[in-house]
Structures are given as C-alpha cells and as structure tokens.
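Here are some notes on the model, for reading with the structure open. They are numbered by topic.

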Amino acid sequence: MKILVVGGGGREHAIIKKLKQSPKVTEIFAAPGNGGIAQDAVCVDIKATDIQGITEFAQKEKMDFVVVAPDDPLVLGMVDVLAEKGIPAFGPRKGAAQIEGSKVFSKNLMKKYGIPTADYAVFEDAKTAMEYIQNRGEYPVVIKADGLALGKGVLICETEQQAKDGLKSMMEDKIFGQSGTTVVVEEFLTGPEVSVLSFTDGKTIKPMISSMDHKRALDEDEGLNTGGMGTVAPNPYYTPEVAQQCMDSIFLPTIRAMEQEGCPFTGCLYFGLMLTPKGPKVIEYNCRFGDPETQVVLPLLQSDLMDIMQATTNGTLEQTEVVFSKENAACVILASGGYPQKYQTGKVIFGLAEGQLADGSALVYHAGTKQTENGLETAGGRVLGITAVAPSLQQAVEKAYQAADRISFEGLHRRSDIGKRALAAHKQ
C-alpha cells in the first residue's frame, strides 16, 4: 500500500514509524513532513491545511490510504473531500471534527447526553462573561476559546484581574484570532489528569493505553502552558476500575451521542480527563492523536496500525485486534529556549546520525527540524521527542534522559522532572 500522512510534527513521525512496521505498507509519503521524517518517508512540500493540494497529490500518485493527523485539516473537512474522490482516509469527517473544533459544540453535547464535565456557560461578549465570573466569585476559573488555538486557547485565571485580562486578550485583542470570538467559562476541576486516545469506527471504541502529559514549560508544573513537554504511559492513576467507569459513563456515551447527532466519529478520539473527587470528568476532546501522547502510546502498540486504521474507516473495528505491550514508555521533549513564546530556530543539532541515536537506545521523533547544508537544524518550538521503552516506568524515564543527554543544540530547553508525579503515584 502507498500511504500519505498529512502533517509534519512529532505525532506524525510516531505514526509513520509505526506504519513502517506493517507488512502491508510499501511506501509512505508525508505532507509536509520535516527534516527527520525525511529519513522514514518521502516528504512533499504541501501544507497540511491545503485540502486541494493534498487531494490532487493523493489522486495523482494513486494513494491507497491517507492519514490526516492534525486538527486543522480535519476541522476544515479534508476527510470529506478525500472520500468524495474515493480515497479512504483515517480521521473524522468535518461534522464529527467539531468535537474539537468548537468547545461550545462539545460542551453542549456533554450537557445534552449527561456526560460528566465541568459546569460552564457560553459568552459572546467580554462584559457579560465578566459579570458571570464576578457573580460566581469562585477562583481559579477556566476560560476557553471556542475554536482551535494550537492547544493554547485555555486560560486558568486565579484572580478577578486575571479573568478580566484573559477575556480582554481573547475577545477584544483577538490573540487567538476568530477562535476567541466566543468563549466558554468553566468551573476549575481538581484531580489527576489522564489522556486516553481511542480508536473508533463510529460504533465500536477501543481505548489505547493511558498516558500523562506535562503541559507546563518549567519543572514542578510551573511556567506557561505549552503543546506538551513530555509524557509517560501508562498513567498510574488510570486503574482498571477507573477505566471501566470511563468506558461506561464517558467513552461509549460519547460515541453514541455523536451517532445520535448525525455525525458519527471515526478515527482517533482523544479524551482529556480529570479524575475528580466526584469521579472522572471530561476536560476536553480532541479529534485526533494527541501530541506528545502519541510518542509514548504508539511505541507500546503491538498490533498492526495499518489494519486498525483501515478498520476504523471500514467499520470493522470490533473484529480487529488492538493489543498493547505491558511495558512502560517515557518521552522527554527537547524544545527551543523561549518556547512557547519567542524562540530562535536554525540551530545545528548534534548527537544524531541520520536523525536517530546511533545505538538505537531510544526513539527520536522529529517535531521541528529541517535538513540544511549544515546538517540537521532546529525549525520549531518543540524540536525532538526522545522516547524510551522499558519494563518499569523508572527505567523508561532514566533511559529517556540518558538518551536526551547525548543530544545538543544551542538554547536547548527541557524539563528535568518528566514522570516524577507518576513515579510518586506508584509509591503511594
């Protein structure tokens, strides 16, 4: 099979490396890909959001299957357009991708179908939103942009002043463009966070192994929210009892709700959960593989990813094997200094041979790299994901950091405490 993977980050690199293991897959193309992905796939210079460009390329090159990995093209309806041209694709159609594309849609869906989530209200002007926050008088309070905002459209406001500033920046200064025209104001939930990615064909849902993301830029969960600074899997807080509770009260009800609404969800549905004192609640849905969660979840997948992806498209997931190893995985993100704000790119990366560590002690997923005459250079905020797999979480974390120590570039920034919370939970 000839496969096209749309996207160019660490998540896409993890998907491509896993697809390469399938005996069915003979050729992989990536659009646009990146400097490291180029070692594993043929990179084509087409933007991930260029629906016409991607569709024409897939037709011309007679692609057997397209994997649409990022949120933007899914929300824009790339899968629908490919389907019209008779090209099977992994990912939800436009109607179903709203579950991430609109916070208002997803919150209203949960309310209507009794899926546990934080209390909320929707606003289209900052003044009314602020009056609501003042009347409630409970802090911290969460403010979310309705639309896509590169994973950064969520503000946790500790004080009234922060809430005022947050609403102004989103709704008036438009820091997230049109995404912040409408906002959702939510109660602040507490408890351990869990990410669960799941395969679904619209009827059957098969959750993947759970994971724990580290969103903040600095150690001890301080600093700004990022797209993710590292992950571990499985998540120790996600016990078999919690998993069953989530299946019964969240996962199956969500799949059924989407079908009821006339927009059945196929592909990868991501559940961002909070294990509150009152039970698991949904913080957010994503309509695709999470990044960097994918970089610890897919290395543990033992089944054929190509088979599973086809099953989500063909409606045969119930009969398809989805098996994960009993090992643990840890991923440490190497970022450009200054990320998620201003950072420099074009720094030469040292320590890799053909994009990987020479001894293969850990997987190196490329998020923001490019190949130049000087060699491999940084080309983004998050540059590399270093993932190690081992029998215990402690060993996986140690292996990932030992591997990360061998890679360097000017201004490199990373957290030194990935997995610390998970390890503490193991000891409880």
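1. Leaving aside its neighbours within four places in sequence, which residues is Leu 393 in contact with? This is a predicted model, and in it Leu 393 is in contact with Val 232, Asn 328, Ala 329, Ala 422, Leu 423 and His 426, neighbours within four places in sequence being left aside. Leu 393 lies in helix H12, which covers residues 393-404. Its relative accessibility is 4%, so Leu 393 counts as buried, the cut-off being under 20%. The C-alpha atoms of Leu 393 and Ala 330 are 7.3 Å apart in space, while the two residues are 63 residues apart in sequence.

2. Ser 211 also has Val 232 among its contacts. Ser 211 sits in the loop between strand E11 (205-207) and strand E12 (212-213). With 0% relative accessibility, Ser 211 counts as buried. Apart from neighbours within four places in sequence, Ser 211 is in contact with Val 194, Ser 195, Val 232, Ala 233, Asn 235, Glu 293, Val 296 and Val 297.

3. Helix H8 runs over residues 160-172.

4. The buried residues of H8 are Ala 163, Gly 166, Leu 167, Ser 169, Met 170 and Met 171. After H8 comes Lys 174, which has a positive phi, near 55°.

5. Helices H5 (residues 94-101) and H6 (residues 103-113) have axes that come within 6 Å and cross at roughly 95°. H5 is therefore roughly perpendicular to H6. On the H5 side the contact is made by Gln 98, Ile 99, Glu 100 and Gly 101, and on the H6 side by Lys 103, Phe 105, Ser 106 and Leu 109. By type, the residues of this contact divide into 3 nonpolar, 3 polar and 2 charged.

6. How many salt bridges does the structure hold? There are 25 salt bridges. Side chains of opposite charge can pair when their charged atoms come close. One of the bridges joins Arg 11 and Glu 12, at 3.0 Å from N to O. Both Arg 11 and Glu 12 are buried.

7. Lys 60 and Glu 61 form another salt bridge, with the closest N and O atoms 3.8 Å apart. Lys 60 has a relative accessible area of 60% and is therefore exposed. Glu 61 is at 24% relative accessibility, so Glu 61 counts as partly exposed.

8. Asp 213 and Lys 215 meet through their side chains in a salt bridge of 2.9 Å, N to O. Asp 213 counts as buried because its relative accessibility is 12%. Lys 215, with a relative accessible area of 29%, is partly exposed.

9. Finally, a network of salt bridges links Asp 221, Arg 415, Asp 417 and Arg 421.

Methods:
Residues are numbered from 1 along each chain as its sequence is written. This is a predicted model: local features need pLDDT of at least 70, side-chain atom pairs count only at pLDDT 80 or more; totals for chains, interfaces and linings use all residues. Side-chain values use heavy atoms; hydrogens and water are left out. Helices (H or I, at least four residues) and strands (E, at least two) are DSSP runs, numbered from the N terminus. The expected span of a helix is 1.5 Å times one less than its number of residues. Buried means under 20% relative accessible area, exposed over 50%, partly exposed in between (1.4 Å probe, protein chains only). A salt bridge is a side-chain nitrogen of Lys or Arg within 4 Å of a carboxyl oxygen of Asp or Glu. Axes are lines fitted to C-alpha atoms, for helices over the stretch in contact, and angles run from 0 to 180 degrees between N-to-C directions. Angles under 35 degrees count as roughly parallel, over 145 as roughly antiparallel, 65 to 115 as roughly perpendicular and the rest as oblique. Contact means heavy atoms within 4.5 Å. Ala, Val, Leu, Ile, Met, Phe, Trp, Tyr, Cys and Pro count as nonpolar, Asp, Glu, Lys and Arg as charged, and the others, Gly among them, as polar.
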